[in-house]
Amino acid sequence: HSKKRGNGMKKLSVFKISLTIMFVACLFMMIPSSYAAKTLKIGIVDSYSGPPTTYTNDVRDAFKMEVAQLNASGGILGRQIEVLTRDSKFKVDLGLSAAKELIYRENVDILMGTINSALALAVSNMCKKEKVPFFVTFSKSAKITGAQGHRYVFSITENTALAGKAAAVGLAKKPYKKYWIAGDDYEYGHAIADGVWDNLQKMKPDVELLGQSWWKVGEPDFTPYITAILSAKPDAVIVATGGRDCVPFLKAAQATGFNERVPFFMHTATELSTLKPLGLQGPEGVIGTSNYFFYYPETAANKLFVKNFEAVYNRKPAVGAVYGYLAARYIFGAYQKAGVIDTEKFIDNVEGMWVDSPVGKVTMRAYDHQAMLPMFMGVTQKAAGYDFLIAKDIVTILGDEVMPAIEEIKKARMK
């Protein structure tokens, strides 16, 4: 009997221990997340599949490089920083679902992304309702901080209004009068085309638009469009392609000799992310604009940034890397200034904030939350020492020269 009692006591002890463990586990589950929080959560939704990755990977990687340095030195306000990434596959529905998951399930403190302008506007609208700060890192639609701007959205990249005005400044100095517009039939394509053309008309009233061509995003064959454009015999073409079609279109331009038969402008055509995948087969003579080149400006700050990025990723930084760097500097700098993890105090500190960067001092304009970045216009050319084309004859257009007036932003938001 004593043996049976001994076995019974052991079973009872095991049962009590199990019950105790379950009780303690339940207690932990009942603790509010605010007490359990040990990290500052940053969610990034962007396209990490297909052609757009030539732009988006650098944003993520530069941001993570800054995060790693901060975490190694203790994090922010006693918290380590956690970065959660989600792939939108350049689709609005998938990206919006991912953003919802990051906000409602992961409870991120900040949301970042995305290269798709239509998705950025949808996510921005949701963040406005949920009061989650959203840092737009590559989408170019002027509506993001213009007509649909609000307290919880910030743009780290230049937008179509800024790029359009900068392009118009350059094109107005050219002898071209008869233009054709062609591009991706979605938010960004139309926005960048309108930005360039509207400003060009103001600067050079005698320009004429012969016609327009619009193709679906991801168009597999540009040849019929190129043939139609050439038959119209324009003096120059404004090509309004988004992140997915920049590289494919330039391949088609080279294959058809389009660039040799008519001058054309394409925003980001001179950018490393666009030119590197093409190697020495990229088309020469294309006019393009970008916020950054790893070889320009030739300043100590830029050289150090290139050195640090190369040491971590074994490649040169493209423009996306500057966007990722700036996002980190604004976000973590604002939290440090606020001295507390508080959304409203955080936003107050981002407004009007300036940070040093590889392209110089960049200010986040307080009224519309638009970063005031410089623009560099150049022409694609081969150069000794590079196995891809680079920009030559670079002209710098300062951010405050192309920023829309605050009154323009106010009027756009009242419509």
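The protein chain has 16 helices and 14 strands. The model is predicted. Its C-alpha atoms fill a box of roughly 105 × 45 × 45 Å, taken along the principal axes.

The protein chain has 415 residues, and 52% of them count as buried. Its accessible surface comes to about 18,600 Å². Carbon and sulfur atoms hold 54% of that surface. For contacts between residues at least 6 apart in sequence, 69% join residues at least 24 apart. The chain carries 50 positive and 40 negative charges.

**Cysteines**

A search of the whole structure finds zero disulfides. How accessible is cysteine 127? Its relative accessible area is 0%, so cysteine 127 counts as buried. Cysteine 246 has a relative accessible area of 1%, so this residue is buried as well.

**Threonine 157**

Where does threonine 157 lie? The residue sits in the loop between strand 5 (153–155) and helix 6 (160–171). Is threonine 157 buried or exposed? Its relative accessible area is 0%, which means that threonine 157 is buried, the cut-off being under 20%. Its side chain makes a polar contact of 2.6 Å with the side chain of lysine 140. Neighbours within four places in sequence aside, threonine 157 touches a run of residues made up of Val136, Thr137, Phe138, Ser139 and Lys140, among others. Its contacts also include Asn291, Tyr323, Gln370 and Leu373.

**Leucine 209**

Leucine 209 belongs to strand 7 (residues 208–215). Its relative accessibility is 29%, so leucine 209 counts as partly exposed. Which residues does leucine 209 contact, leaving aside its neighbours within four places in sequence? They are Tyr179, Trp180, Ile181 and Trp197. Glutamate 101 is 108 residues away from leucine 209 in sequence. In space, the C-alpha atoms of leucine 209 and glutamate 101 are 45 Å apart.

**Backbone geometry**

Two cis peptide bonds and two positive phi values can be checked directly in the model. The table lists them with their angles.

| Feature | Residues | Angle |
|---|---|---|
| Cis peptide bond | glycine 113 and threonine 114 | omega about -10° |
| Cis peptide bond | tyrosine 296 to proline 297 | omega near 5° |
| Positive phi, not a glycine | lysine 89 | phi about 55° |
| Positive phi, not a glycine | histidine 369 | phi near 65° |

Where do these residues fall? Threonine 114 is in the loop between strand 3 (110–113) and helix 5 (117–130). Proline 297 is in the loop between strand 10 (287–290) and helix 12 (300–313). Lysine 89 lies in the loop between strand 2 (80–87) and helix 4 (92–105). Histidine 369 is placed in the loop between strand 12 (362–363) and strand 13 (375–381).

Lysine 89 has 42% relative accessibility, so it counts as partly exposed. Histidine 369 has a relative accessible area of 2%, so it is buried.

Technical notes: Residues numbered from 1 in each chain as written. Predicted model: local features only at pLDDT ≥ 70, side-chain atom pairs only at ≥ 80, totals over all residues. Heavy atoms only, no water. Disulfide = S-S within 2.5 Å. Buried < 20%, exposed > 50% of the residue type's maximum accessible area, 1.4 Å probe, protein only. Helix = DSSP H or I, 4+ residues; strand = E, 2+ residues; numbered from the N terminus. Polar contact = N/O pair within 3.5 Å; in protein donor to acceptor, adjacent residues only side chain to side chain. Contact = heavy atoms within 4.5 Å. Areas by Shrake-Rupley, 256 points an atom, 1.4 Å probe, with all protein chains shown as cover. Lys, Arg positive; Asp, Glu negative; His and termini not counted. Charge placed at Lys NZ, Arg CZ, Asp CG, Glu CD.
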